[in-house]
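Hi everyone, thanks for making time for this.

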Amino acid sequence: MLTRQISIAAPIFLLIYAIQEAVISQFRLPGGGFSILLIFTLTWAVLSETEVAAVIGFAAGFLMDLSQSAAGPFGQWTLIMLLAGYAISYIGYGDDNVRTNAIGIIFFVVIANLLVEITYVASGALLGVSSGSFIQVLITLFGMSMWALLVSPILLPIFSRLHALIIDSRSA
Amino acid sequence: MRNGGRARLLLVILIVTSLFLITLDLRGVKVIGSIKQGSQTIMSPFQRAGSVVLTPVKNFFSDVTHLGRTRSEIQKLQAENANLKSTLINRKNADAQLKQLKSILDLAGTAGYKIVNAKVISNGSSQSFAQTITIDSGTNAGIKKNMTVLSQDGIAGVVKDVYPSSALIQLASDPSFRIGARIAGTQQIGVLTGRGNRSASLQLLDNSTTVKVGEVLLSRGSIADNPYVPGVPLGYVTAVDNSAGAIAQTATIRYYTNFSTLGVVAVVISGLGSNPGDSLVPAKPRVTPIPTVTVFVTPSPTPTK
C-alpha cells in the first residue's frame, strides 16, 4: 500500500522538482520567493499518514539537497524535510479540523514552511553554513512566509486533487 | 500499535540515513558530489529551456517590480546620453577646428605672415545675397578693415567691417569680391571674381597668353599688403573659355577653401614685406598605391600509379 502510493507520487514529485528548478528558480522574486516543492511536500504531508509523510519528506528533502541552490551539506534538507513531514502529519493528519478545512491546511503549511526555514538556518549555523546577517535572515523568513501565504491558496486545490487521485487509485 | 512501531522504525531508519548522508558529505565522500553533478547534468537542459521560454516573462516582471527604478534609470541614462552626445559633438568640432587652425598656422608660417586667429561665430544671412561670416575677434585683437583672411587651404575673404570684439568678413565667394591673381609658374595676372559659390571667374589681363586647366592661382598682393597679401593660394583652373573674339581669356576657378565648413580663420595683420612667390602653392594630391599580393605556386609532381 505504502509502496504503491509512493511509486505513484514519485513522478509527481519529480515533476514538481523540475518545475521548481527550471521555472520558479528563474525568477528572482523579492523577499526570497517560495519553493513550490516545499509547499507541495508540506501540503501532501498534512493530507497523508505519518509513514507516507516521512517517506515523501525524505524524498523531497533528497531532491532539495540535489538542487544547485542548496548551500548546506548534502542530507541537511533530507533530514529536515523528513522530520517536518512526519511532524506535520502527526499533528495534522489525525485532526479532522485541519484536514477538512482548507484554511487549516494553509495555516499549517505556512507555519510549517516558516519552521522548516528556521530549522534550516539554525542547523546550517551549527554546520558552519553562512546565511547572512540576522536582519537579512529575518527579512527572508518573513518574505518566504508571505509568499507561502500567497501561493498556498492557489496551489492547494491542485495539490489536494492530485493527492485524492492517488488515494483513489490506491483504493481501486 | 503495530503500525505505530513500524512508522517509528521507518522514521529512525530515514533519520539514520539522513545523518549518514550528512556525514558522508562533510567527510568529502565523492559519491555525494557525483550524485549532485549527475542531477545537475539532467536538469540543465530543462533550466536552459526554462530560461529561454521565461525570459520575456522575467523581463515583464522585472519591469513591473522595478517600475519606478527603471523609469528613473532610463531618464538618468537619457540625460547621460545627451551629455555624451553633446561632448562628442563639441569634441568633434574642436578637433576639426584644431585641424583647420594647424593648417592655417602652417600656411601663415610658411609665408611669414603675422596673423590673428579667430573663430567663426556666425554665418551671414543669405537674405541680402552676400557671402559673409562673423568672427570673434575685432579691433581689440589688432584687426582692421581690409585685411586678408585665410582659411586652412588658402584665401577665405577680406575684413569688411570691424568692431571691438568681432569682425564681418566678406568671403571670397561673394559675387562682389574681387582679387588680383597670378598663375603660379607662368606669372600671368588677372582678376578673380566670386560667383556666390565655391567657383570663381578669372579674367586674364593679357590677351596673348593662355591658361591651362589645373594651373594654380595665387593672390597678387596689394600695395602695402592692403587689402591682400601676396602669395595666398586661391584655387585652381577647372575650365578655360577659348571663345573667339573675346577681349581677354577667361577661366573658371575652383577655390581651395570650402566656405561651408569654415570654423577657424586667420586674419593677416601684417605681411612679411616681401613676396613669398610660389612657396604656398599646395602640393598636388598623391595617388595612394593599392598594395597587391602576388602568390607564386609551384605545382608539385603528382605521383602516378
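A word on ground rules before we start. This is a predicted model, in which local features need pLDDT of at least 70, side-chain atom pairs count only at pLDDT 80 or more, and totals for chains, interfaces and linings use all residues. Residues are numbered from 1 along each chain as its sequence is written, while chains are lettered from A and ligands numbered from 1 in the order in which they are written.

Let's begin with chain A. What is it built from: how many helices, and how many strands? Chain A has seven helices and zero strands.

How confident is the predictor here? That is what pLDDT tells us, residue by residue, on a scale from 0 to 100. Chain A averages 84, and 90% of its residues score at least 70. Within chain A, confidence is highest in α2(A), at a mean of 91, and lowest in helix α5, residues 96-99, at 69.

Now, what is on the inside? I'll call a residue buried if 20 or more other C-beta atoms lie within 10 Å of its own, exposed if 12 or fewer do, and partly exposed in between, with C-beta atoms placed from the backbone. Of the 172 residues of chain A, 42% count as buried. Please find helix α2 of chain A, residues 36-46: ten of its eleven residues are buried. Among them are A:Ile39, A:Leu42, A:Thr43 and A:Val46.

Those four names come back in a moment. Two residues are in contact if their C-beta atoms, placed from the backbone, lie within 7 Å. Leaving out residues up to four places away in sequence, A:Val109 touches A:Ile39, A:Leu42, A:Thr43 and A:Val46, and also A:Ala148 and A:Ser152.

That leads us to the nonpolar core, a set of buried Ala, Val, Leu, Ile, Met, Phe, Trp, Tyr and Cys residues joined through C-beta atoms within 7 Å. In the largest one, with 53 residues, A:Leu42 and A:Val109 touch the most other members. Several helices of chain A give two or more residues to this core, and so does α1 of chain B. The largest share, twelve residues, comes from α3(A). Apart from this core lies another, of 50 residues, including B:Ile133, B:Ile143, B:Ala184 and B:Ile253.

On to chain B, with its three helices and twelve strands. Of its 305 residues, 29% count as buried.

A quick reminder from class: strands of a sheet pair through backbone hydrogen bonds, either parallel or antiparallel. Here, two strands count as paired if DSSP finds at least two bridges between them. Strand β5 of chain B, residues 167-171, has four of its five residues buried. β5(B) is joined to β2(B), residues 132-135, by four bridges, and the two run antiparallel. In that pairing, B:Ala167 is the partner of B:Ile135. β5(B) also pairs with β4(B), residues 155-162, in the antiparallel sense over five bridges, with B:Gly157 opposite B:Leu171. Together β4(B) and β5(B) form a hairpin with four residues between them.

Further along, six strands of chain B close into an antiparallel barrel, in the order β6-β7-β8-β11-β10-β9. Five bridges join β6(B) to β7(B), and B:Ile179 stands opposite B:Leu192 there.

Why does B:Lys144 count as partly exposed? Because it has 14 C-beta neighbours inside 10 Å. Leaving aside neighbours within four places in sequence, B:Lys144 is in contact with B:Val159 and B:Val162. B:Lys144 and B:Val267 are 123 residues apart in sequence, and 9.2 Å apart in space, C-alpha to C-alpha.

Last stop: where the chains touch. Here 26 residues of chain B are in contact with 21 residues of chain A. On the chain B side, α1 and α2 each supply at least two residues, and α2(B) gives the most, with 15. That side divides into 16 nonpolar, seven polar and three charged residues. In this count Ala, Val, Leu, Ile, Met, Phe, Trp, Tyr, Cys and Pro are nonpolar, Asp, Glu, Lys and Arg are charged, and the others, Gly among them, are polar.

Methods: pLDDT is the predictor's confidence in each residue, from 0 to 100.
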